[in-house]
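Welcome! Try each task yourself before reading the solution.

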Amino acid sequence: MKVNGVPVTPPDPDARLLDYLRDDLGLIGAKEGCGMGECGSCTVLMDGVPVCSCLVLVCQAEDADVTTVEGLRRTALQEAFVTGQAVQCGFCIAGMVVSASALLAENPDPTDEQIRAGLEGNLCRCTGYGAIVRAVREAAR
């Protein structure tokens, strides 16, 4: 497995990917929210596809290229989240940014409806999602 472009050898193949990333690698951007794949706070990219790392075992990612929010380059998307005040408590933001980056890689000019669909698995308890959708739209420009 590669994590953020660096080859790694996890000690426990039966560990959850989320735990390995946080506890062993110190990559704390992905957060445990629900532990059931419902909230999106632990979203990472696995071979470019957003996945809930709380539901993935390390052995399932054995040959994968895993990208966490820490592995994303500083982008217009991240700037748009900051300048557009789309960040409230920050708990969900890593997952939102990871999911939005996958959306923009696939569709560089999404409609608001497509943005909402692309962020569907990410829950935020602090906002009404308006600022988040605007941030993704701004980054697409």
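**Exercise 1.** Is Gln85 buried or exposed?

*Solution.* Keep in mind that this is a predicted model.
- Step 1: find Gln85 in the loop between helix H2 (76–83) and helix H3 (93–106).
- Step 2: read its relative accessible area, which is 62%.
- Step 3: compare that with the cut-off, where exposed means over 50%. Gln85 is therefore exposed.
- Step 4: look at the backbone too. Gln85 is not a glycine, yet its phi is positive, near 50 degrees.

**Exercise 2.** Work out where Asn4 lies and how accessible this residue is.

*Solution.* 
- Step 1: Asn4 sits in the loop that links strand S1 (2–3) to strand S2 (6–7).
- Step 2: its relative accessible area is 25%. Buried means under 20% and exposed over 50%, so Asn4 counts as partly exposed.
- Step 3: phi of Asn4 is near 55 degrees, again a positive value in a residue other than glycine.

**Exercise 3.** Describe the surroundings of strand S3 (residues 43–46) and its partners.

*Solution.* 
- Step 1: check the two faces. Thr43 and Leu45 point to one side, Val44 and Met46 to the other, and all four are buried, which leaves both faces covered.
- Step 2: follow S3 to strand S4 (residues 49–52). The two run antiparallel and are joined by 4 bridges; Thr43 has Cys52 as its bridge partner there.
- Step 3: inspect the turn. S3 and S4 make a hairpin with 2 residues between them, and Asp47 in this turn has a positive phi of about 55 degrees.
- Step 4: turn to strand S5 (residues 65–67), which is also antiparallel to S3 and joined to it by 2 bridges. Here Met46 is paired with Val66.

**Exercise 4.** Which residues of the largest nonpolar core touch the most other members?

*Solution.* 
- Step 1: In soluble globular proteins, nonpolar side chains tend to be buried together.
- Step 2: the largest core has 24 residues, and those touching the most other members are Leu77, Phe81, Met96, Leu119, Ile132 and Val136.
- Step 3: ask where the core comes from. H2, H3 and helix H5 (130–140) are the elements giving two or more residues, and H3 gives the most, with 8 residues.
- Step 4: zoom in on Val136. Leaving aside residues up to four places away in sequence, Val136 touches Leu77, Phe81, Ala100, Leu103, Leu104, Ile115 and Leu119.
- Step 5: look for another core. A second, separate one has 21 residues, including Val8, Tyr20, Val51 and Val56.

Conventions: Residues are numbered from 1 along each chain as its sequence is written. This is a predicted model: local features need pLDDT of at least 70, side-chain atom pairs count only at pLDDT 80 or more; totals for chains, interfaces and linings use all residues. Side-chain values use heavy atoms; hydrogens and water are left out. Buried means under 20% relative accessible area, exposed over 50%, partly exposed in between (1.4 Å probe, protein chains only). Two strands pair if DSSP finds at least two bridges between them. A nonpolar core is a set of buried Ala, Val, Leu, Ile, Met, Phe, Trp, Tyr and Cys residues joined through side-chain atoms within 4.5 Å. Contact means heavy atoms within 4.5 Å.
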